[in-house]
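Here are my notes for anyone opening this one for the first time. Have a look at the model, then read the points in order.

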2 protein chains.
Amino acid sequence: MHVMILGAAGMVGRKLVERIAREPDALGTTISRLTLVDAFQPPVPEVLRSLSNAMTFDLARAGVADKLIEARPDLIFHLAAIVSGEAEADFDKGYAVNLDGTRALFDAIRHEGLKSDYMPRVVFASSIAVFGTPFPDVIPDEFFSTPLTSYGTQKAIAELLLADYSRRGIFDGIGIRLPTICVRPGAPNKAASGFFSNILREPLAGKPAVLPVSDGVRHWFASPRAAVGFFVHAAKIDTAKVGLRRNLTMPGLSALVSEEIEALRRIAGDKAVALIKRERDPVIERIVAGWPTQFDAKRASELGFTAETSFDEILQVHIEDELGGRIA
Amino acid sequence: MHVMILGAAGMVGRKLVERIAREPDALGTTISRLTLVDAFQPPVPEVLRSLSNAMTFDLARAGVADKLIEARPDLIFHLAAIVSGEAEADFDKGYAVNLDGTRALFDAIRHEGLKSDYMPRVVFASSIAVFGTPFPDVIPDEFFSTPLTSYGTQKAIAELLLADYSRRGIFDGIGIRLPTICVRPGAPNKAASGFFSNILREPLAGKPAVLPVSDGVRHWFASPRAAVGFFVHAAKIDTAKVGLRRNLTMPGLSALVSEEIEALRRIAGDKAVALIKRERDPVIERIVAGWPTQFDAKRASELGFTAETSFDEILQVHIEDELGGRIA
């Protein structure tokens, strides 16, 4: 099987590649060829080097999608995107990459299929940003998409295209609406959602972190490991069971900031919790107030997608996957 | 005020123009200029001739939208579309007109606004085709869009763009999800939904009509006059009251085919009803089974949009507007 990962240098893309490196049959079939694509050079694990081809390409550039799809990958993970903040700040770039780039990919598959039979599986990274406030307390699977960012709009449009192209038999697509990923590895970033991870990751490393909202803020989480699990499961799922509604809200953990903090206390003690500095930021508070807090991800759960059920578990995943099992 | 109507030669477009001809202040402000655009030459009522400019243009052609928007219309009705059956049969044409043409229009407004302040009202004709089966018995305003046609997909995408462009202050948009229009004037057409109109219009004119489904089929209707009323109301509405959720399911009448027939009997007698020939068509039955039957159009109703509440009323509108008040 030829597997192509678009967005292979991103956080989830890299972890997906690492999972394949660790577990070569993770996707159910032997991988004969792995094509890794990103706007930045994607890293290739040593063990995958002989079958991998890592390339830097901008999906939004004319002809790029056609060129990539000429190689007829059997399974395509489409994780490439301009992130929310940048898509909001740069209208043209967000639409060019997140909408036009995605459509170019989908149309490249269509054109390839017009030459001779071709019907790859396409697993697409969507987001809970397709939803916009006001919400019910628990958002059901049939709740409408009224995004309040251009990023969310672009993801919602890509979902509609994915469903239509799948319905028409152009490819076999699944859209995965990711929860907020926590604990994000790496350095603190400026994303408005960064603090959810910062207040765990930094204290675990003996460093201070800022909490800009109240302890009573609730949000929707899954670990990086669970996110990779969603994509791996989506690659293998029997899409006949999914039917025509191809975009699925993934399961996650609905938790309060205070629950994050108490899990940190149980695992790393009061000393770690003391490193969290409370500095309310009204701008971040306002942004976060517009985010969903809980889903009833019934369909995805029934289809076998799973995520963590407590913050202790999410912390444990971080300690195992990022800290070699030990905390400072 | 400069008013532009895209799709001015279509059924609703023509009726909107006729309404303006009859009632020059229908849109709340004096119209100084009226631009009528369609792929076919739009008719211009005599009384509007001095202020009108009727043009044939294909919105999907490069540069057309920019050229039209250079004239900076204050109010734009966007009714231009490839219809459902054709958009399904011709993938490229449907996406080119319904998606790319709409986006070209929206982007032309954006580019014009970058030159100097410009923020027209845009009233967009969407459709209940943005919804796809299975449905709850009554579809609420917050039900999700999972279209099962390319046409419905293109309308749902246009809705998302309209909401995002409105949120960003590029224009002031409203999307109007039309019910099935009944009684459609003119000759019977091959649309799967045609029979809903045929079984009333033809017998009223003393002609036979075929009913290809059972009397127990339920569907969602509004008259052409109500449809024009939606667009006129949307042109004048205070969009602050609409908020960021700019796409509205219009009110309509949920009725059984048997209720259509009984209204016909009350108005035109048994002789008219006897002209309806029952010939079940499994293909049409299957298509119709996938259509929504009833909505709770709460938001639109609260915002002052109104439609008929009985089939007697819908028939009366047809007799008044199409038959000069008299039946055969």
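1. Start where the two chains meet. Chain B and chain A bury about 3000 Å² between them, with 53% of it on carbon and sulfur atoms; buried area here is the accessible area (1.4 Å probe) that two parts lose on being put together, summed over both. On chain B, the trio B:Phe91, B:Leu160 and B:Arg245 supplies 22% of the area that this chain buries against chain A, more than any other three residues.

2. Some ground rules. This is a predicted model, where local features need pLDDT of at least 70 and side-chain atom pairs count only at pLDDT 80 or more, while totals for chains, interfaces and linings use all residues. Residues are numbered from 1 along each chain as its sequence is written, chains are lettered from A and ligands numbered from 1 in the order in which they are written, and side-chain values use heavy atoms, leaving out hydrogens and water.

3. Who takes part? The contact (heavy atoms within 4.5 Å) takes 35 residues from chain B and 35 residues from chain A.

4. Now the charges across the interface. Eight salt bridges turn up between chain B and chain A, a salt bridge being a side-chain nitrogen of Lys or Arg within 4 Å of a carboxyl oxygen of Asp or Glu. One of them joins A:Arg168 to B:Glu88, with the closest N and O atoms 3.8 Å apart. There is also a salt-bridge network that links A:Glu88, B:Asp164, B:Arg167 and B:Arg168.

5. Within chain A, look at A:Arg225. It forms a salt bridge with A:Glu320, the closest N and O atoms being 2.7 Å apart. A:Arg225 lies in helix H7 (residues 224-236) and A:Glu320 in helix H12 (residues 311-322) of chain A, so the pair ties together parts that are 95 residues apart in sequence; helices are DSSP runs (H or I, at least four residues), numbered from the N terminus. A:Arg225 also meets A:Asp321 in a salt bridge (2.9 Å, N to O).

6. How exposed are these side chains? A:Arg225 is partly exposed, at 36% relative accessible area, and so is A:Glu320, at 44%. The cut-offs are under 20% for buried and over 50% for exposed, with partly exposed in between (1.4 Å probe, protein chains only).

7. Chain B has a pair to check as well: B:Asp321 and B:Arg225 meet in a salt bridge (2.9 Å, N to O). B:Asp321 sits in helix H12 and B:Arg225 in helix H7 of chain B, 96 residues apart.

How values were computed. Helices (H or I, at least four residues) and strands (E, at least two) are DSSP runs, numbered from the N terminus.
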